[in-house]
Amino acid sequence: MDFLLKPWPWYVSGPLITLVMVILVYFGKSFGMSSNLRTLCSIGGAGKYSDFFRYDWKAYRWNLIVVLGAIIGGFIAVTFLSDGSPIALNPKTVSDLQELGFQNAGASILPPEIYSWDAVFSLKGIAILVGAGFLVGFGTRYAGGCTSGHAISGLSNLQWPSLIAVIGFFIGGLIMTHFLLPLIFGT
Amino acid sequence: MKIVRYLLIGIFFGIVLVKSEAVSWYRIIEMFKFQSFHMYGIIGSAVTLGVIALWLMKKSGMRNTEGTPIHLIPKDKSFIKYLAGGSIFGFGWALGGACPGPMYILVGTGVFSMLIVIAAAVLGTFVYGILKDKLPH
C-alpha cells in the first residue's frame, strides 16, 4: 500500500482524471468545475443584476455535490493517503523560486509566502489572493470553461474553442510566471 | 439526483488531484517554466486517453444513463472570448496556483485562506456576468 501514500506519477494521475470525465459523461453530465462559480452567483441572487445568472441552477446541483466531494477528497488525501513526501520539483525551479523569496519550495502543497495567514494579513498578501481569484473567476467564465472543461473535456472532444482557450491559459500563465511574478515577489 | 454518486466522484477527483500534485502552485510554476514533464504528462495522458474514450463511446453507440447517445455540448464558435478569457484565467492560475477545481480541494487539505480566493472567483464571475454584453465575444 506504500505506493498509495507516495505522490502518484503522471501516468497514473492523468488516466484517473480521464476516468472522472468519462464517468460524468456516462451519467449524462459534463466535467466542468468552473460552472459552479456561476451557480454560486445564481444562488446568491445575482439573477437580479444580470440575465446571465437567471437560469435553472437547480439542474446543476449535482456539480455542487461534486465540489463537496472534492473538498472531502482533499481532506482524505492529506490525512490518510500521504506520507508527507515533499514535491519532487526540478532543483532549478526550487532555486528560481528562492531568488523570488520562496523558501523550501515543494515542502508543502502551497507556498506559505502566499497562503499563510501571516502573508494574507498584509495589503500585498490579500491583494494577491483576491487578484488571483478574481482573474480566475472572470477569465474562466469569459472563456466558457477552465482546466477541466476546456483542457481535459474540450480537448478530448477535439473542440477548436478549447484549444484556443488552452493557448490563452498558457499566454496568461507564461506572462505571469516569467514577467509579472518577478515584479510582484522580487526584491 | 443521485447524491452519493456525485459525492463519490468528487471525493475520487479530490484525492487524484492532491496525489498527482496538480493542486500545487509549485507544480504550476514548474510547468510554466518548462522545467518538468510532470504536468504535461498528466494533461497529455488525460487528453490522449480522453480522445480515445470519447471516440469509442460515441462510435459504439453507447447511451448514457439518461438513455441519450453520448454527446458533449459544443462550445460557441468564437475566437476572441476564448483567447482573451483564457489569458485572463492564465494570469490568475499562475498567480494563485488554483483553478476552479483545486481551489475547493485545497480547502479540504486545510488551506482555509483559499476561501478568500474562492470568494474573489465568485466575484470575478459575477462581474463578468454584469459586463458580458460590453465585452467582445
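Is Tyr40(B) buried, partly exposed or exposed, and what is the relative accessible area? Tyr40(B) is partly exposed, with a relative accessible area of 25%. Buried here means under 20% relative accessible area, exposed over 50%, and partly exposed in between (1.4 Å probe, protein chains only).

The model is predicted: local features need pLDDT of at least 70, side-chain atom pairs count only at pLDDT 80 or more, and totals for chains, interfaces and linings use all residues. Residues are numbered from 1 along each chain as written, chains are lettered from A and ligands numbered from 1 in written order, and side-chain values use heavy atoms, without hydrogens and water.

Over all chains, 27 aromatic pairs were found. Rings of Phe, Tyr and Trp (its six-membered ring) pair if their centres lie within 6.5 Å; planes under 30 degrees apart are stacked, over 60 edge-to-face, and the rest tilted. Phe138(A) and Tyr128(B) pair edge-to-face, at 5.9 Å between centres and 85° between planes. Phe138(A) lies in helix α8 (residues 123-143) of chain A and Tyr128(B) in helix α6 (residues 114-131) of chain B, so this pair joins two chains. Helices are DSSP runs (H or I, at least four residues), numbered from the N terminus. Phe138(A) is buried at 10%; Tyr128(B) is buried at 2%.

The rings of Phe170(A) and Tyr40(B) are tilted, because their planes stand at 35°, with centres 6.1 Å apart. This pair also crosses between chains, from helix α10 (residues 160-185) of chain A to helix α3 (residues 38-59) of chain B. Phe170(A) is buried, at 17%.

One aromatic cluster includes Phe52(A), Phe138(A) and Tyr128(B). Arg38(A) lies over the face of Phe52(A), 3.9 Å from the ring centre.

Terms used. Lys NZ or Arg CZ within 6 Å of the ring centre and 35° of its normal.
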